[in-house]
Amino acid sequence: METVNLIIDGKAVQAEKGQTILKAARKAGISIPTLCYYELNGQKLENKPGGCRVCVVEVEGRKNLAPACATEVMEGMVVHTHSLRVVNARRTVVELILSDHPSDCLSCSKSGNCELQTLAQKLGIREIPFQGEQSKYRPDNSPSIIRDVDKCIMCRRCETVCNELQTVGALSAVNRGFEAVVATAFEQDLVKSSCTMCGQCVMACPVGALSEVNQTRQVIQAINNPEKTVIVQTAPAVRVALGEEFGYPAGTIVTGQMAAALRRIGFDYVFDTDFAADLTIMEEGTELLGRIQKFMEGDKNVKLPILTSCCPGWVNFFETNYPDMLDVPSTAKSPQQMFGAIAKNYWAEKLKIKREDMVVVSIMPCVAKKYECQREEFKVDGNPDVDFSLTTRELAELIKQFNIDFNSLEEEDFDMPLGASTGASVIFGATGGVIEAAARTAYEVFTGKTLEKVDFTELRGLEGVREATIDFNGTPIHLGIAHGLGNARKLLDKVRKGEVQYHAIEVMACPGGCIGGAGQPYHHGDFSIVEKRFEAIYKEDLGKELRKSHENPYIKQLYDEYLGTPCGEKSHHLLHTHYFDKSKQVEVEA
Amino acid sequence: MAKYKMHILVCGGTGCTASQSVEIADRLKSNLLDKGLDKEVQVILTGCFGFCEKGPIVKIMPDNTFYTEVKPEDAQEIIEEHIIKGRKVARLLYTDPEKKEHVADAKHMGFYKKQLRIALRNCGFIDPENIGEYIACDGYAAVAKCLTEMTPQQVIDEIKLSGLRGRGGGGFPTGMKWEIASKNHADQKYVVCNADEGDPGAFMDRSILEGDPHSIIEAMTINGYAIGATKGLVYIRAEYPLAIHRLQVAIAQAREYGVLGENLFGTDFSFDIELRYGAGAFVCGEETALIHSMEGKRGEPTFKPPFPAQSGYLQKPTNVNNVETYANIPIIILKGANWFNKIGTEKSKGTKVFALAGQINNVGLIEVPMGITLREVIYEIGGGIKGGRQFKAVQTGGPSGGCLTEKHLDTPIDYDNLIAAGSMMGSGGMVVMDETSCMVAIAKFYLEFTCEESCGKCSPCRIGNKRMLEILDKITKGNGTMEDLENLKNLAGVIKDTALCGLGQTSPNPILSTLTNFWDEYVEHVQDKKCRAGACKSLMQYVIDQSVCVGCTACARNCPVNAIQGEKKTPHTINTELCIKCGTCIEKCKFNAISIQ
Amino acid sequence: MAQIKSLEDLQALKNSVQEEIDTRVKGNRDGLVQVKVAMATCGITAGAKTIYNYLLEQVDKRSMDVVVYQTDCMGLCKDEPTVEVSIPGKDSVIFGNVDTNKVDEILDKYIQKGETVSGVVSK
């Protein structure tokens, strides 16, 4: 490693050649404030447009100030990060940004999580000396994401995430000068764009310009409606992240406290999406084995690889970008929707109530799930299988609204039967988890033997695109994994061209899988938080008594009592879906 | 081919074309045909002559007669009188504004006397759509010389020695730029001609492309050879249809003649050029923004480094030069660096083309040696201030430049002197202002342009310039405070210090230079609510002189907003709150009792 | 059109097209000998057009740096055709009753050698 020597604020610093002043300073313990800069370390994503100019520093011998985020260190450089000139410029720049930013902080969705708010506070700004016109745009509400464009500060993080990480291409900067803003093509509504509702833009947005649709009020109303039986289901990734909202370190598992809190809030049944994840394995696994079997018998029409379909962002992505491959993904519904279908049919029958009198609420690490539960095919006579989908953040908000002291709660269990789950369903929350869970069950069904080594560690990791071959008793099964839609595109393009051969591919729209979902507590670009959740997921799996989906006794009972066989007629009706060509839905009205 | 005895050059630049110069050429041709002179006299549509104030221009050669403001109807007279009878058409000759005499020979016109045309050497002289004429004027001899007699390094050394600096605004040494690009190795490199001329009023690049397109093709080929690039791109704004057409014709001819394409001049060097069209965004003149626009991305600048020479178009080493810079290259190669570097000042060599505009007699395109003074340009070439009024300021460098005053008139014009004086060369806009120009309003005008054209990427330029514009608006409306002036100063300084690209960093220059040179005028606007130039409408007040008014009621009856009160036969008064300053009362008053103060 | 493949090709092409713009090049250059032929109606009647054409032809033939152009009536109608010759640094002179022989004489003797030539009607 070639190094250079420089002086930052009077301190001799050695830095790697090619490194930016910002990184060199941070390593030396000098924190230069930033705003537009956004990095997902390990996920090859860096947004440094050098646009906000908050990180400017004085470099001796240079005529103007330099943005620390984009300026490379040089031998003998002398840098001042808080000279009067720098402090005045930085302050003026932030005052300017604030002069074109609504000051409704008290009721803003990002209040407390807003990086601009933090910055203004840090710089001690008490008044804004510039008054003038403020940008006004049409608000854009989609089923998942709200764009409050007045608040956009043109940091371009969402644009970089949408285009580079996700390759979705829904957002980019439009217009010039003071009117410049990040928007969809022709400034249309998000729903008419190529947006997949993955919400990574919401995760990246430092201010309140992008946020999720908040449905806590509707949920509170349902809970307080005596006519309604309100059921809650919680996704696997929620339990390893919720604690962060209550001061626990990242990676703390709070499953028991979460169940207790949900009960305090007043849900009639506290169930677990993990149950439906086990059910997904039964259906998807059977579908996979069926296709493999047909393939091995020489059926030329069989579609391989099978693609997982649990992630709604991913489903939207392939419906928009790969309309020619709509028969390739598994037809199995996502765990959220399987749960909804079972709850409003099987469980409603058991309780002897009408589906209209049952309200199913899901707690998801995701914002795309809000869109998914509103899809027409998941409704019966207009009544959705899942009524409301809340994010992890909204659940935290709900807990706080109900004055529950989360940190002192005793751990409780989920309700049975739809709260029973195995370790296989827990790992759905991390990239590679679905395919590993499927492998655990498929192995035993395919070979007829008991799987001794449950941990397929070769499928784990945070590398964007991974692949592994698993030995099914002499039959090699090729598996591919991608997380982040950009990685998915890379893999899918290869599949489309026939360059790679897999039996199955797992895709998750968000980096890291659901643990890095856009509904999770804001990580502000600190991906080590996601890594800690990742470790926690596998720890939770390890602690489970049962670790294979087909061993879940209540799943067996469900098939015996109600569904019959996996991929059977009833399952087909309740647990499977079909896909639509959305490529033409991306409307362009010039 | 029979030799023509006389040539009639008709300006085919955009300006004169708009005033029917093509029609004039057609009429001249048909008149010649009628008289059986079409084999003896040739009519040629050339590029711009520069003297746009008096267009359309028709010039007769070899006797150098310069006809101005010619109309299609004049064609017959020119043929019958001048061509047949040898009598100059006096009424169409240029009249010297001072001596009030007709000037028969263009060489004696004040407008041309002090000019030195290097970049514009062929403009208004050759037929830009005829490669033969370019070749006859030593065209393609420079590239032939480079390819057959010089190594790429020798070419770079020659350009370095010439002292040529970028004519697009920044003034970066061209040879050095080429050298950096040549030293970055890659499988593909690019040469880009920046023809995205955007300064308000500047049109030298357009004129060169319209008048001498082959010089750009030749220069780009030389550039390609010097840095090891085989592909050239011209980024040209789509609003320049004539320039695009001439360039397309020239490229096709160059390919046909084999001076563009494979194995040029029997060597193994190949080079070709493609056009890329811009949508006319000012910021796309900035080289990184230009490259992004060519790549199909949003046209906005990115931080340098990496410089285009390291990672430019499609991430390949790219050399970007502007049209005027390129126009100098062939002649430097032919006449030698030591010829070129004797022209100009110590650090600014050669000439610069300026678009002379504003309150000046001779508006047009001029090319002068570096080191000429503003006084010479304004009073000798420009023919002085219109209507004999008092000179007040001259703005150079367009929206990135500043306003210079009387005290700068004898400063030799070059890159460094202009920057030292608080302005810059820019692409060569030069707007002359007299006492009727309000400097606050001028600063506001340029800032309006910058606000309109800012890409919006960085906060200082996007929001800061908007806030400065709002403050200036407040001041010109008479609502400014001294605190506003302080904020303005601070903002201008911070924007200069923090904006992302060159355009943003220079955008406060019109304000900073007027704050420095015309501080009193700002203070007058703020404290006395007065605009001495009478340009800020909101600061004007209509007043009825009580000693003159006879109370005829004409003003009151005609005031559209009933702002004038008074009894019949007693002096009237104007309610300034209601007055909309439309001027009707002044028009109606028979006693000159109403004035603007 | 044969493609230009060498410096020689370019030079050859240049030579062939240079003549076309020679008239313009000369007009634009300072310090050239100027020969003006009075070609108003009176001059033309007296045969000035023949003289003008002959002058152009001969200047070309001799490859002389001389610019030839027509001009207005010089007021010396009785001496038509008239030709005015201006050599830089010298006063211009007008020759009267010029015929083709006189043209040769003017070109060879007056302009090229600086000798005195008869037939000057005005200075």
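I started at K581(B), which sits in the loop between strand 18 (573-574) and helix 24 (584-588) of chain B. Helices (H or I, at least four residues) and strands (E, at least two) are DSSP runs numbered from the N terminus. I'm working on a predicted model, where local features need pLDDT of at least 70 and side-chain atom pairs count only at pLDDT 80 or more, while totals for chains, interfaces and linings use all residues. Residues are numbered from 1 along each chain as its sequence is written, and chains are lettered from A and ligands numbered from 1 in the order in which they are written.

K581(B) is not a glycine, yet I find its phi positive, near 60°. I count 15 C-beta neighbours inside 10 Å, so K581(B) is partly exposed (buried is 20 or more other C-beta atoms within 10 Å, exposed 12 or fewer, partly exposed in between, with C-beta atoms placed from the backbone).

I place Q20(B) in the loop between helix 1 (14-18) and helix 2 (21-34) of chain B.

Next I looked for cis peptides. M61(B) to P62(B) is cis, omega near 10°, and I find P62(B) in the loop between strand 3 (58-61) and strand 4 (65-67) of chain B.

Last, the interface: 30 residues of chain C are in contact with 32 residues of chain B (C-beta atoms, placed from the backbone, within 7 Å). Helix 1 of chain C gives the most to its side, with 14 residues.

Technical notes
Contact = placed C-beta atoms within 7 Å.
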